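Student: I am new to this structure, and I would like to go through the terms used for it one at a time. Could we look at it together?

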Amino acid sequence: MDLRSDDLFPDEDDEENSNYSQDKEAGKEFVVYMIDAGPDMFLQIKEEDDVKKPSHFSTVVKCILESLKTRIINSDYDEVAICFFNTREKRNLQESEGVYVFNVREGEDLDRPTARLIKDFSHIEDTFEKEIGSQSGIVPGSRENPLYSALWVAQGLLRKGSTRNVDKRILLFTNNDDPFGNADPRVKADMRRTTIQRAKDSQDLGISIELFPLSRSGEEFNVSIFFADMLELENDELSEFMPMVAEKFEDLTNQLRKRMYKKRVVRKITLMVADGLSIGLHTYALIRPAQTGKITWLDSVTNKPLKLERSYICADTGALVTEPLARFQTYQNEKVKFSIDELSEIRKVTNVPLRLLGFKPLHCLKDYHNLRPSTFLYPSDEEISGSICAFIALYRAMLRFQKYGVAFYGNMQSPQLVALLPQEEVTNSSGQIDPPGLHMIYLPYSDDIRRIEKLHMSTDGPVPRASKEEIDKATAMIKKLELREFSVYQISNPALQRHYAILQALALDENEDLPETKDETMPDEESMQRPGITNAVQEFKDVIYGSDYCFEVNTKTKGDEASKKRKALTEVAEKEAGNYDWRELAETQKLKNLTVVELKYYLTAHNLPLTGKKEVLINRILTHLGL
């Protein structure tokens with residue numbers, strides 16, 4: 001087997017792709033959407049101006065539909081279940097009254113979200129009363145407790161999977177702040193106590209319960225009546241609960257189509273500070289390019305994924321090669337063979353992944369030194385005891401003296417110099433914004449740096465300089481066009497958004513036109529028309545070009561330019577084709593002596609297709625000549 005240099009020293013992108021591979025099992029999430037189906041959830045909401053809004057049930061269904069659609073894209077390996085309580089019919093493994101687990105046919109109750117589930121659930125309002133039905137939660141004189149039963153059913157749905165690598169959540173939607181208001185006073189306290197204990201049991205099993213309260217018309221949801229005790233909310237948490245939940249509900253409805261990646265260790269490496277002193281580190285990828293999912297090949301009959309297998313066939317005998325392939329590199333017409341161990345040794349640059357060379361002042365590190373996204377480093381005592389203590393000492397000293405470390409990163413693909421830049425911890429009232437640690441910035445070698453070459457348009461006379469007035473007008477324009485509080489988190493990739501929107505439309509058989517995707521990279525035309533901005537731009541144009549300057553508008557379209565280009569090529573081809581006697585060449589079988597370019601002269605002059613190999617072009621000419 002011939003060994004190419006690319007195989008011996010792979011491109012660094014291969015390493016990045018492997019580093020970015022996510023541990024799906026470690027990032028799994030099991031979610032049960034628990035929806036109150038009591039009669040009050042179906043009442044239309046009236047505003048102060050008598051404008052009717054959709055019912056709480058319709059709002060929740062829409063919210064869950066959007067959540068399911070984005071969950072398929074964000075983390076398609078999650079598993080979900082939809083559970084109604086306060087229902088007339090029952091459908092659950094525990095045979096509990098008033099609880100109905102919604103799912104598609106031939107599917108598990110807790111399963112990955114599918115297009116079929118979304119399509120069936122989108123029609124739930126039309127079929128709910130007939131197939132499931134609604135009823136009051138607590139009937140006077142009855143000891144049935146649908147909320148308790150629903151929590152029990154949800155706990156059973158989330159029984160699979162370990163809480164060590166799976167996040168388990170129950171999302172509870174209701175507009176009833178007192179679920180036991182109609183209960184008999186003799187059993188009300190017992191219902192309240194058992195429901196709170198059931199919720200506590202679920203939380204002890206690692207299942208988190210999140211409440212999404214819906215306020216009725218003219219009434220605000222009172223969490224303190226019951227749910228504060230069930231969720232164990234304290235006084236300070238109670239005051240912040242409703243505003244925080246309103247924001248969470250809006251986020252659940254208006255989620256961005258993008259893949260979510262759980263925080264995980266990309267690689268474990270060792271930083272050698274000096275002989276005998278090493279620090280164990282974990283590396284994290286804070287930024288990675290978002291890409292569309294990989295294409296999966298399917299069987300045309302069964303529609304099941306295909307498993308790709310590679311087999312090698314001997315070029316001489318045509319037999320299937322079963323023995324391990326020998327690798328070689330050609331050198332001076334000799335095949336130099338390599339074993340697997342020898343290849344590994346050749347690829348290895350150093351036994352130390354990260355070696356500290358020294359320190360430099362922070363002002364020596366320039367923005368253009370950053371070749372690609374940095375890697376975040378954080379200490380760990382797993383491999384080397386005392387790493388955290390040593391790392392903190394080094395980290396604090398670098399911050400105090402305003403230094404960054406220079407190190408050699410000896411990875412197998414592309415060994416290079418790196419800068420270890422300390423980052424201070426940044427927090428606010430909501431928690432941590434930026435964690436403390438080191439950014440490993442990949443530095444260029446001297447070969448990678450291109451020197452700036454000054455090029456002046458005018459070689460005769462002095463170099464043109466901008467006047468003070470021109471600079472002032474340009475400064476004023478820039479200040480008017482300044483993007484205040486801009487962040488890259490505000491702009492989504494329009495190509496990815498359109499890709500996911502089209503996939504969603506195809507999967508759900510949405511017959512309407514393809515959804516429009518808002519391109520947030522385009523300028524805000526309305527804001528650009530404000531007088532302050534237009535005046536600043538006009539003043540800059542006037543001072544540069546003069547107030548009487550007339551800008552020429554290019555009215556030529558791409559189609560006109562392409563048409564002129566084709567016409568010019570045809571004229572050239574006709575002229576060149578006139579230099580040959582094509583019929584004589586065809587009859588004497590000398591067309592094969594011409595080059596492909598010469599054959600295309602004839603085809604272009606007669607507006608014939610230019611595709612295909614030389615034999616195809618010759619046959620096309622013969623057919624046109626009638627031979």
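This is a predicted model: local features need pLDDT of at least 70, side-chain atom pairs count only at pLDDT 80 or more; totals for chains, interfaces and linings use all residues.

Student: What makes strand 9 and strand 13 a pair?

Tutor: Two strands pair if there are at least two bridges between them, and strand 9 is joined to strand 13 (residues 375-379) by five bridges, so the two count as paired, and they run antiparallel.

Student: How do you know that strand 8 and strand 9 pair?

Tutor: The cut-off is at least two bridges, and seven bridges join strand 8 (residues 267-274) to strand 9 (residues 277-285), therefore they pair, again in an antiparallel manner. One of the facing positions is alanine 274, whose bridge partner in strand 9 is leucine 277. The two strands form a hairpin with two residues between them, and glycine 276 in the turn has a positive phi of about 90°.

Student: Why is threonine 70 called buried?

Tutor: Buried means under 20% relative accessible area, and threonine 70, which lies in helix 3, has 5% relative accessibility, so it counts as buried.

Student: What makes the approach between serine 67 and threonine 70 a polar contact?

Tutor: The limit for such a pair of N or O atoms is 3.5 Å, and the backbone oxygen of serine 67 lies 3.1 Å from a polar atom of the threonine 70 side chain, so the distance falls within that limit.

Definitions and conventions:
Residues are numbered from 1 along each chain as its sequence is written. Side-chain values use heavy atoms; hydrogens and water are left out. Helices (H or I, at least four residues) and strands (E, at least two) are DSSP runs, numbered from the N terminus. Buried means under 20% relative accessible area, exposed over 50%, partly exposed in between (1.4 Å probe, protein chains only). A polar contact is a pair of N or O atoms within 3.5 Å; within protein, one must be able to donate a hydrogen and the other to accept it, and residues adjacent in sequence count only if both atoms are side-chain atoms.
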